[in-house]
Structure formats: structure tokens, C-alpha cells
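Hi everyone, thanks for coming. Let me put the sequence and the model up on the screen, and then we can walk through them together.

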Amino acid sequence: MNELNRQLISMYAKQLRVPTFNQYEEVVRQLDGDKSFDDFLVSLMRTELENRQESNRKRKIRSARFPYSKTLEEFDFSYLEHVSEAQIRQLASCDFIQNKQNVVMIGNPGTGKTHLSIALGLRACMQGLNVKFYTAANLSNELIEALDGHRLLKLERQIASCDLLIIDEMSYLTFNRHQSELLFKVIADRSERKSIIVSTNLAFSEWLTMFENQTMVAAMIDRLTYRSFVLNMNSSKPYRAEYAAQANIATSD
């Protein structure tokens with residue numbers, strides 16, 4: 001191919017926003033000699049589609065704002081005492097998101113609640129779904145800041161538009177009346193419309209230590225648990241503590 005055509009292909013690929021078409025020579029090299037032009041075109045377009053899908057997945061993962069990456073492959077299921085691996089694998093299909101159901105993980109610290117929340121969120125991103133990850137503290141603070149900055153409606157719309165909202169660590173803080181009301185509204189607005197994953201160290205009976213209004217707490221729990229998967233993540237031997245102990249032993253050796 002002459003240099004003029006090479007430059008024209010590059011220019012048209014940029015204008016048409018099909019950057020993979022610049023890789024046509026690589027596609028040609030991978031084709032057998034008896035392949036037709038139709039085969040070449042199909043292969044080129046397939047490559048473009050796969051690249052776009054991969055770019056889209058990466059954008060969704062960045063947009064989710066996970067604090068770090070955790071996968072199901074990294075999770076040690078042997079530490080689960082009340083939840084089966086099959087249950088987690090079923091949730092990883094993300095059918096619960098399509099069905100607009102919630103997941104609530106309740107258990108003592110170090111049992112993998114955050115790990116599983118992130119892993120399920122990543123699976124959703126890989127399926128092209130929109131995910132947002134917050135700790136309860138960060139979400140309440142962002143809502144208050146948006147309220148003070150007259151941006152609350154915009155933030156609420158952004159949260160409402162995501163397919164899966166993850167609220168991690170719903171247990172470590174006491175929320176004031178304004179924070180409680182804003183958190184409740186986010187959760188209530190998603191009821192039977194979009195999915196939530198919530199992780200907490202506290203049994204539902206202890207949620208009054210976080211929120212002042214007993215009636216609101218009851219209504220929040222009702223919306224979170226309706227048509228939901230409530231996972232008992234309590235463990236007599238938290239695996240995070242176990243790994244920390246092993247690391248200390250290795251260091252002392």
C-alpha cells in the first residue's frame with residue numbers, strides 16, 4: 001500500500017472514530033491466505049468492537065471509584081461459615097441487579113465484606129453496568145457538601161442513574177439528622193428501581209446507634225431487605241486477622 005492511502009486510512013479512521021482500522025495490517029497478517037475481503041472486513045470490525053467494549057469496561061471501573069481492586073478469584077471462600085460459595089457465585093452473575101434486588105452483608109470486621117462488595121461491583125462493570133462505590137461516611141459527607149453547594153439534585157440524579165450503588169462500612173459513624181435524612185432518601189429512591197449492596201458490622205437491631213430516628217431506621221431496613229439477599233458474614237475466625245497473623249509470623253522469621 002502506498003503512503004498516500006496509508007495516511008488517508010489514518011485520517012478517515014480518526015474522523016470516523018474507528019481507531020482499530022489503523023491496525024488493518026495486523027489483521028491482514030492474522031488471516032489465512034484463502035480468506036476473502038469479507039473475512040477481512042468482519043475480522044477488522046470484530047476487533048474494533050472488542051476494543052470499544054474493553055475501553056467501556058475500563059471507563060466504568062474508573063467511574064465506580066473503587067478504593068482498590070478485589071476479585072472473586074482472590075477471595076478465600078473457606079472462611080465463610082454461614083454463606084456458601086455457590087451463593088456468592090450466583091450473585092456474581094449480576095442477575096440480582098437485573099432483577100433490581102439488594103444485597104446486605106452483615107458480619108464482624110475482617111470477614112471479607114468489602115472484598116466481596118468490590119468484586120461484585122467489578123463483575124457488574126465487566127457486564128457494562130454502571131456502578132458507584134462509597135463508604136457510608138463518604139456518601140453522607142458528599143450529600144451534605146452537595147446540599148450546601150446547591151448541587152444536591154445533580155448528585156442525587158447521578159447516584160440514581162447507576163445500576164448498582166455500593167455503600168460500604170455502614171457501621172462506624174453516628175449520623176446526624178441531616179445526614180440520616182439524605183442517606184435515607186438515596187436508599188428509598190432506589191427501592192424496587194435499582195440495586196444496592198450494603199455492608200455493615202452491626203445487626204439491624206443495633207442500627208439505632210447510628211441513626212436517631214427509630215421510625216426512619218425501620219423504614220430504611222424495610223427498603224433494604226425487601227426482595228433482597230441478606231448474607232450472614234459473621235465468622236469465628238476472620239480471614240483478614242488470620243492473614244495478618246501469618247504475615248507477622250513470616251516477618252518475625
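To start, how many aromatic pairs does the count come to? The count comes to 5 aromatic pairs, where rings of Phe, Tyr and Trp (its six-membered ring) pair if their centres lie within 6.5 Å, with planes under 30 degrees apart called stacked, over 60 edge-to-face and the rest tilted.

A quick word on the source: this is a predicted model, local features need pLDDT of at least 70, side-chain atom pairs count only at pLDDT 80 or more, and totals for chains, interfaces and linings use all residues. Residues are numbered from 1 along each chain as its sequence is written, and side-chain values use heavy atoms, leaving out hydrogens and water.

Now look at Phe 175 and Phe 211, a stacked pair with 5.2 Å centre to centre and 15° between the planes. Phe 175 sits in the loop between S3 and helix H9 (177-190) and Phe 211 in the loop between S4 and helix H10 (214-225), so the pair ties together parts 36 residues apart in sequence. Helices here are DSSP runs of H or I with at least four residues, strands are runs of E with at least two, and both are numbered from the N terminus.

Phe 175, Phe 204, Trp 207 and Phe 211 form one aromatic cluster.
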